[in-house]
Amino acid sequence: MNFFFRIIIFFLFFFKSTLLYASEKYVYVDMDFLVNSSEAGKQISSELSSIHKKKIDEIKKIEDELKKGEAEIINQKNVISEEEFDKKLSELRKKANEYQKERNNSTKSISEKRIKATKELLSLIQPILTQFANDNSISIIIQKKAIVIGKSESDITNQILKILNTKHKKINLN
């Protein structure tokens, strides 16, 4: 009798736990889409593109000046002394090295701003996802890129995008 009672308890517990798991709600969200398509994400992209374009224009001006200086030195090679030529060539190399450093710093700066702004945007998305999960009794939210196959009804990306666009329209890049 005791053994029979234990088996009944075991089956009741087993079936009860499987029913609990069946009621869990799983959804997924496309974080890349949120970052790229939200108003804040578009603003980040636009501002960074503008900064990048300005830096490219500045760099092209410096590059043109270097090319012009190189052409002048080559034209004067036979006219000036060898010492003067070496001095001017040394100055040109120094300017070229400074140009390379500025170019690298510019690229690095834009990359750092992009990373910082994206991190900030993701930190703003996190509480929205948490609140959405609490409000809709969602157990787990998974990133879409980790999903092989899923029902389109389980995709909450557009709902989160609407909430994100109403709450956060701009991210400060400075």
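A residue is called buried here when under 20% of its relative accessible area remains, and exposed when the value is over 50%. The exercises below apply to a predicted model.

**Exercise 1.** Determine which residues of helix H3 are buried, and what covers them.

*Solution.* Applying the cut-off of under 20% along H3 gives Ala40, Gly41, Gln43, Ile44, Leu48, Ile59, Leu66, Gly69 and Ile73 as buried. The cover over these buried residues includes helix H2 (31–37) and H4. For one of them, Ile44, the contacts beyond its neighbours within four places in sequence are Ala117, Leu121, Ile171 and Leu173.

**Exercise 2.** Check whether the span of H3 agrees with its number of residues.

*Solution.* The expected span is 1.5 Å times one less than the number of residues. With 38 residues, H3 should therefore span 56 Å, and its end C-alpha atoms are 56 Å apart, which agrees.

**Exercise 3.** Describe the largest nonpolar core and the elements that supply it.

*Solution.* This core has 22 residues, of which Val29, Leu34, Ile44, Leu121, Ile125 and Ile160 touch the most other members. At least two residues each come from strand E1 (26–29), H2, H3, H4 and helix H5 (157–167), and H4 gives the most, with seven residues. Apart from this core lies another, of six residues, including Ile59, Leu66, Ile73 and Phe85.

**Exercise 4.** Characterise the lining of the largest pocket.

*Solution.* The pocket, with a volume of about 290 Å³, is lined by 14 residues, and Glu65, Leu66, Gly69, Leu92 and Lys95 lie nearest its centre. Helix H3 (39–76) and helix H4 (82–135) are the elements that give two or more residues to this lining. By class, the lining comprises five nonpolar, two polar and seven charged residues.

Definitions and conventions
Residues numbered from 1 in each chain as written. Predicted model: local features only at pLDDT ≥ 70, side-chain atom pairs only at ≥ 80, totals over all residues. Heavy atoms only, no water. 1 Å grid on protein atoms, 1.4 Å probe; cavity = no way out; pocket = protein on both sides within 12 Å on 5 of 7 lines; lining within 4 Å. Points joined across faces, edges and corners; volume = space filled by probe spheres on them. Helix = DSSP H or I, 4+ residues; strand = E, 2+ residues; numbered from the N terminus. Nonpolar A, V, L, I, M, F, W, Y, C, P; charged D, E, K, R; others polar. Buried < 20%, exposed > 50% of the residue type's maximum accessible area, 1.4 Å probe, protein only. Contact = heavy atoms within 4.5 Å. Core = buried A, V, L, I, M, F, W, Y, C linked by side-chain atoms within 4.5 Å.
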